[in-house]
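Please read the following report alongside the sequence and the model. It covers a pocket, the domains, helix packing and backbone geometry.

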Amino acid sequence: MPTESRRRVLRTLLGVFGRGHRVPEDWDLGLAPEDAAFAQALLGLCLRRWGRLQSWIRPRLKDPDRGMPLGSQTALTLGLAQLAWMEGVSDHAAVHESVSLAADPELGFPPHRGLVNALLRQAAKDRRGLREDLDQRPAALDRTPFAERLLDAALPGAAPDAREALWARLQVPPSPVFRALGTGPLPEGLETHPALEGALRLREDAAFPRAWLASGQGMVQDLSSQALLAFRWDREPKRILDACAAPGGKTTALAQRWPQAEIFALERDPRRLQRLKQNLEARKVKAQVVEAEAMSWLAGGGKPFDLILVDAPCSGSGTLRKHPELTWIGDRIDLRRLAAQQDALLQSALQRLAPGGCLLYAVCSWFPAEGFRHLEHLPPDLQPQAAWPEALLRRVDNRVGFGPDPLGWDGEGFQAFALQRG
Ligand SMILES: C[S@@+](CC[C@H](N)C(=O)[O-])C[C@H]1O[C@@H](n2cnc3c(N)ncnc32)[C@H](O)[C@@H]1O
């Protein structure tokens with residue numbers, strides 16, 4: 001019987017490669033911490049090195065053009081990844097667990113259990129050789145046309161070396177960045193992040209601060225999101241709207257910066273709304289949480305807002321380090337539809353922006369169509385502000401916004417701009 005952690009990894013990979021799904025947020029929920037850590041590492045290896053692992057498997061099949069059913073192919077991939085890169089896993093566990101996954105009619109393809117067994121036993125004879133062989137295969141094997149487009153967007157016109165350097169960087173799982181929400185003592189092992197005032201990171205040997213996070217005294221928030229919300233603006237907004245709020249990281253940061261403001265947080269997805277409510281409650285954030293589609297809600301009329309955040313739904317291309325599955329499913333993303341939706345959200349939000357108010361638009365994406373291109377259709381009384389330190393600014397023609405250099409910044413890929421109503 002295969003362990004639950006390996007079953008979850010296999011199921012998740014079948015969702016990605018079989019159905020084009022993103023990795024669900026709760027895919028590892030309920031696993032014991034050490035099992036979850038193992039499963040996350042294994043899933044990451046398979047997603048980041050899927051192409052080179054298939055290039056090892058394919059020529060060893062009787063009919064490489066026909067390939068093999070996804071269930072047995074994935075069980076085999078899982079075993080290979082463990083043999084190559086997970087030294088703590090014994091040969092026996094890597095081989096036998098994959099064979100039993102292949103033999104499970106719900107997940108694998110039982111007639112292939114013998115083939116999976118034979119190929120993994122062969123690989124297990126020289127694990128170091130397997131690792132070296134896989135490591136030296138070209139990085140391009142793990143890329144898709146979507147990944148190439150993403151690199152073009154992140155580093156327009158860059159030399160091949162810079163593209164490769166960025167790709168290598170994107171293959172490293174991100175380390176969590178934290179933010180303290182109260183003034184209480186910090187858990188052991190959290191220290192100041194060198195890249196940004198107020199951000200915290202965890203010392204390598206330190207335990208993950210679960211209890212501190214659960215008690216609402218701190219949160220995990222990417223470096224880019226933290227830097228984004230530290231934008232320069234000297235007004236004290238009385239009314240703030242977070243138009244796309246769940247799971248609430250930015251609502252929390254807004255409340256922390258302007259505790260006296262009246263904050264509205266909108267979310268259209270009922271499940272995500274529950275998470276938003278729970279997070280804000282645990283962090284003692286005072287906000288009016290509204291289940292609503294932002295455009296209809298905004299069109300319903302009411303008092304204007306001094307500050308509006310539109311953290312718009314997007315491709316998430318800037319989050320590839322955290323979501324390596326995007327490489328394999330990104331081509332299914334309809335960028336045009338997303339860009340039209342973002343533009344409509346932006347325009348409706350602008351209708352409710354008070355004179356002298358500021359609208360902050362953000363996407364965790366490098367594609368210009370989702371970011372700076374929206375600046376092309378703005379009325380003249382709205383000027384994007386250079387509201388961040390020079391090193392975090394990106395200038396496109398005569399427009400300016402938040403867009404850190406992906407090679408010199410450890411946060412997610414973002415495009416954002418702050419529009420000040422004159
Ligand atoms: C990028 S996420 C927001 C992340 C959030 N601001 C944070 O920092 O934690 C976008 C969220 O907006 C919601 N959303 C997307 N379109 C929306 C719309 N038209 N109206 C309201 N919510 C929307 C999505 O369900 C999703 O939860």
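## Pocket lining

The lining of the second largest pocket comprises eight nonpolar, six polar and three charged residues, where Ala, Val, Leu, Ile, Met, Phe, Trp, Tyr, Cys and Pro count as nonpolar, Asp, Glu, Lys and Arg as charged, and the others, Gly among them, as polar. The model is predicted, so that local features need pLDDT of at least 70 and side-chain atom pairs count only at pLDDT 80 or more, while totals for chains, interfaces and linings use all residues. Residues are numbered from 1 along each chain as its sequence is written, and side-chain values use heavy atoms, with hydrogens and water left out.

The second largest pocket holds about 270 Å³ of space. Of its 17 lining residues, L181, A255, R283, K284 and V285 are the closest to its centre. A pocket here is an open set of points on a 1 Å grid over the protein atoms alone, where a 1.4 Å probe fits, with protein on both sides within 12 Å along at least five of seven lines, and lining residues have an atom within 4 Å of a point. Helix α12 (residues 249–257) gives the most to this lining, with three residues; helices are DSSP runs of H or I with at least four residues, and strands are runs of E with at least two, numbered from the N terminus.

## Domains

The domain assignment, automatic or from a database, gives domain 1 (4–142), domain 2 (177–220) and domain 3 (223–421). Because domain 2 and domain 3 both give residues to the lining of the second largest pocket, this pocket lies between them. Taken over C-alpha atoms, the centres of domain 1 and domain 2 are 34 Å apart.

## Helix packing

Helix α1 (residues 4–19) packs with helix α4 (residues 70–85) at an angle of about 125 degrees, their axes being 10 Å apart; axes are lines fitted to C-alpha atoms over the stretch in contact, and angles run from 0 to 180 degrees between N-to-C directions.

The axes of α4 and helix α6 (residues 113–124) come within 10 Å and cross at roughly 15 degrees, and α4 and α6 are therefore roughly parallel, a term for angles under 35 degrees.

## Backbone geometry

Most residues other than glycine have a negative phi, and most peptide bonds are trans. The peptide bond from A246 to P247 is cis, with omega near 5 degrees, and P247 is found in the loop between β5 (239–242) and α12. K284, in the loop between α13 (270–282) and β7 (288–291), has a positive phi near 55 degrees.

Definitions and conventions: Points joined across faces, edges and corners; volume = space filled by probe spheres on them. Parallel < 35°, antiparallel > 145°, perpendicular 65-115°, else oblique.
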